[in-house]
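I opened my notebook to write down what I looked up in this structure. Here is the model my entries go with.

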Amino acid sequence: MASPWVAMVVLVWCAASGGGVAAARPLVGGGGAVRTPKAPLQTSRPFNIAHRGSNGELPEETAAAYMRAIDEGADFIEADVTATKDGHLVCFHDTTLDATTDVADHPEFASRRRTLEVQWTNVTGFFITDFTLAELKTLRSKQRYAFRDRSYNGGESSRIITFDEFIDIAAGAASRVVGIYPEIKNPVFVNRQVRWRDGKKFEDKFVAALKRRGYGGRYMSPAWAARPVFIQSFAPTSLVYAAGLTDSPMVLLVDDTTVRTEDTSQSYDEVTSDEHLDYMREYVVGVGPWKDTDPYAEYDYWINDVGVDGLFTDFPASLRRYQEWTTAGRKG
């Protein structure tokens, strides 16, 4: 089980292809009137990546969690993108709705509960791929963990949101550019459960949605800096396929080394061999190893000792504070 503090270490291989470094913005973007132009994405310190939004405070992957993360200074907001029964892309982490929604309180959906294979394991629950978008919009999200604040469960801003609504939140940041960090979630499972009439795959729909909203360009190119995005997945073959559809930067996610990848017969120990990483670097700009973390001690380790390019956190305000404190200390 994941701990209450979760960080994803992002190790980026490639150097910036564009000229110059974007000017650093204030650590927290203020409200007020819209400024033109927006302050660019900062590149002077490791990226603060809000894992499913500010989900330590609010239900994960909801509009409220993402807007809170932006207020708290996140450089990127991260989402797990999956698909509904009728082919809409939505932001939701699990294959089942049980842990983070009130689906069990809806008697009209009681017959939907069933067992399916997910990543080599039988899973029982209410699968998101068995619900239409309209049906999902009747549900409300809740905190995953009982020890976190549950006072925001069930509110109007806790509805499941679409991928387009997620992009709208990032694009709507008034004073500065905010990037997005979407994951192609469980592509093997989604491609098995959801069929699009045009015969396209989940990855095709995912990339098409980004292109439709103006996302594209190599890492640190002017086009990328205007609409920053990293595409991530735990499925290496999915990233290789997506890399043939767009020049947006890809990040290979890595689970525990004993875990088998969902799309190959290899474990993550094999996937992270020198030979395999030499192959994958033709398609991805970096690696994101999964990591449970106690924030402040490990912020220091990953940022200062290892020198990573970004950290995922459930509490983006804590990472912002750490960066403020350490920056002030260096100036002193």
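**Entry 1: helix 1 and helix 3**

I began with a pair of helices: the axes of helix 1 and helix 3 come within 10 Å and cross at roughly 20°. Axes here are lines fitted to C-alpha atoms, for helices over the stretch in contact, and angles run from 0 to 180 degrees between N-to-C directions. Helices (H or I, at least four residues) and strands (E, at least two) are DSSP runs, numbered from the N terminus. Helix 1 and helix 3 are therefore roughly parallel to each other; angles under 35 degrees count as roughly parallel, over 145 as roughly antiparallel, 65 to 115 as roughly perpendicular and the rest as oblique.

I noted that this crossing of helix 1 and helix 3 is right-handed. A crossing is right-handed if the near helix is turned clockwise from the far one by less than a right angle, and left-handed if anticlockwise.

Which residues meet here, from helix 1 and helix 3? I found Ala 63, Tyr 66, Met 67 and Ile 70 in helix 1 against Phe 166, Ile 169 and Ala 170 in helix 3. The contact of helix 1 with helix 3 has seven nonpolar residues, no polar and no charged ones. For contact, heavy atoms must be within 4.5 Å. Ala, Val, Leu, Ile, Met, Phe, Trp, Tyr, Cys and Pro count as nonpolar, Asp, Glu, Lys and Arg as charged, and the others, Gly among them, as polar.

**Entry 2: how to read the model**

I reminded myself that this is a predicted model, in which local features need pLDDT of at least 70 and side-chain atom pairs count only at pLDDT 80 or more, while totals for chains, interfaces and linings use all residues. Residues are numbered from 1 along each chain as its sequence is written, and side-chain values use heavy atoms, with hydrogens and water left out.

For the whole chain, I wrote down 11 helices and 11 strands. Of its 332 residues, 54% count as buried; buried means under 20% relative accessible area, exposed over 50%, partly exposed in between (1.4 Å probe, protein chains only). Among contacts between residues at least 6 apart in sequence, 70% join residues at least 24 apart.

**Entry 3: inside helix 1, and what comes after**

Back in helix 1, I listed the buried residues: Ala 63, Ala 64, Ala 65, Tyr 66, Ala 69 and Ile 70. Gly 73 follows helix 1, and its phi is positive, near 100°.

**Entry 4: helix 3 and helix 5**

Next I checked helix 3 against helix 5: they pack at an angle of about 35°, with their axes 11 Å apart. This crossing of helix 3 and helix 5 is right-handed. Phe 163, Asp 164 and Ile 167 of helix 3 make the contact with Phe 206, Ala 209, Leu 210 and Arg 212 of helix 5. By class, the contact of helix 3 with helix 5 has five nonpolar, no polar and two charged residues.

Which residues of helix 5 are buried? In helix 5 (residues 202-212), I found Phe 202, Glu 203, Asp 204, Phe 206, Val 207, Ala 209 and Leu 210 to be buried. Gly 214 follows helix 5, with a positive phi near 90°.

**Entry 5: salt bridges**

How many salt bridges are there? I got 16, taking a salt bridge as a side-chain nitrogen of Lys or Arg within 4 Å of a carboxyl oxygen of Asp or Glu.

One of them joins Arg 52 to Asp 80, the closest N and O atoms being 3.8 Å apart. Arg 52 lies in the loop between strand 2 (47-50) and helix 1 (63-71) and Asp 80 in strand 3 (residues 76-83), so the pair ties together parts that are 28 residues apart in sequence. Both Arg 52 and Asp 80 are buried.

Lys 185 forms a salt bridge with Glu 183, with the closest N and O atoms 3.4 Å apart, and both residues are buried. Salt bridges that share partners join Arg 52, Glu 60, Asp 80, Asp 94, Arg 144, Glu 183 and Lys 185 into one network.

**Entry 6: Cys 91**

Last, I looked up Cys 91, in strand 4 (residues 89-91). Buried or exposed? Cys 91 counts as buried, at 1% relative accessibility. Not counting residues up to four places away in sequence, Cys 91 touches several residues, including Asp 80 and Phe 166.
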